[in-house]
Amino acid sequence: MQVKSLLKNASGLMVAVLFTACHGVGIEGSWVEPVPGMESMYQGIRLEAGGKASSVNMATLQYESWTNEGGQLILTGKSIGNRQTLSFSDTLIIEKLTQDSLVLKKGNHVIRYSKTGE
């Protein structure tokens, strides 16, 4: 019985350590990916402390704000094109977050960002 209790406590401690370690990585910063079909160019998002967001190399998609709620990144902004401007809110699941990698998922679409030094 004591071994089972000890293993349970050790497992709980490991989960707490991993949870703390993962949450020590901040999502703020500039995140980019290659432009599909033009791999020499890049595009992405800049997430600033305080919830301000902006686009990196995307003229028709202008991010304005972001929040991280329960493992989901919620982005808001404006889509500009075809002589019209539309406000949007986009919710993406945070699949992975490390010091230099951010993987987001929406449905079957996966976006793999790398952090820049900006």
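Tutor: A salt bridge here is a side-chain nitrogen of Lys or Arg within 4 Å of a carboxyl oxygen of Asp or Glu. Keep in mind that this is a predicted model, where local features need pLDDT of at least 70 and side-chain atom pairs count only at pLDDT 80 or more, while totals for chains, interfaces and linings use all residues. Residues are numbered from 1 along each chain as its sequence is written, and side-chain values use heavy atoms, with hydrogens and water left out.

Student: OK, how many salt bridges does that rule give?
Tutor: The count is two salt bridges. In one of them, lysine 106 pairs with aspartate 90, with the closest N and O atoms 2.5 Å apart. Strands are DSSP runs of E, at least two residues, numbered from the N terminus.

Student: And what does lysine 78 meet in a salt bridge?
Tutor: Glutamate 64, at 3.1 Å, N to O. Lysine 78 is in strand S5 and glutamate 64 in strand S4 (residues 61-69), 14 residues apart, and this pair too links distant parts of the chain.

Student: Why does lysine 78 count as partly exposed?
Tutor: Because its relative accessible area is 29%, and partly exposed is the class between buried (under 20%) and exposed (over 50%), using a 1.4 Å probe and protein chains only. Glutamate 64 is partly exposed at 37%, and lysine 106 is partly exposed at 43%.

Student: Switching to strands: how do S5 and S6 pair?
Tutor: Strand S5 (residues 72-81) and strand S6 (residues 84-97) pair in the antiparallel sense over ten bridges; two strands pair if DSSP finds at least two bridges between them. Lysine 78 comes up again here, with serine 87 in S6 as its bridge partner.

Student: What's going on at the turn in that hairpin?
Tutor: The S5 and S6 hairpin has two residues between the strands, and asparagine 82 takes a positive phi near 50°.

Student: How many bridges do S6 and S7 have?
Tutor: Four, in the antiparallel sense, with S7 covering residues 101-106. S6 and S7 form a hairpin with three residues between them.

Student: Last one: where is tyrosine 42?
Tutor: In strand S2 (residues 38-47). Tyrosine 42 is partly exposed, at 37% relative accessibility. Tyrosine 42 and tyrosine 113 are 71 residues apart in sequence and 10.0 Å apart in space, C-alpha to C-alpha.
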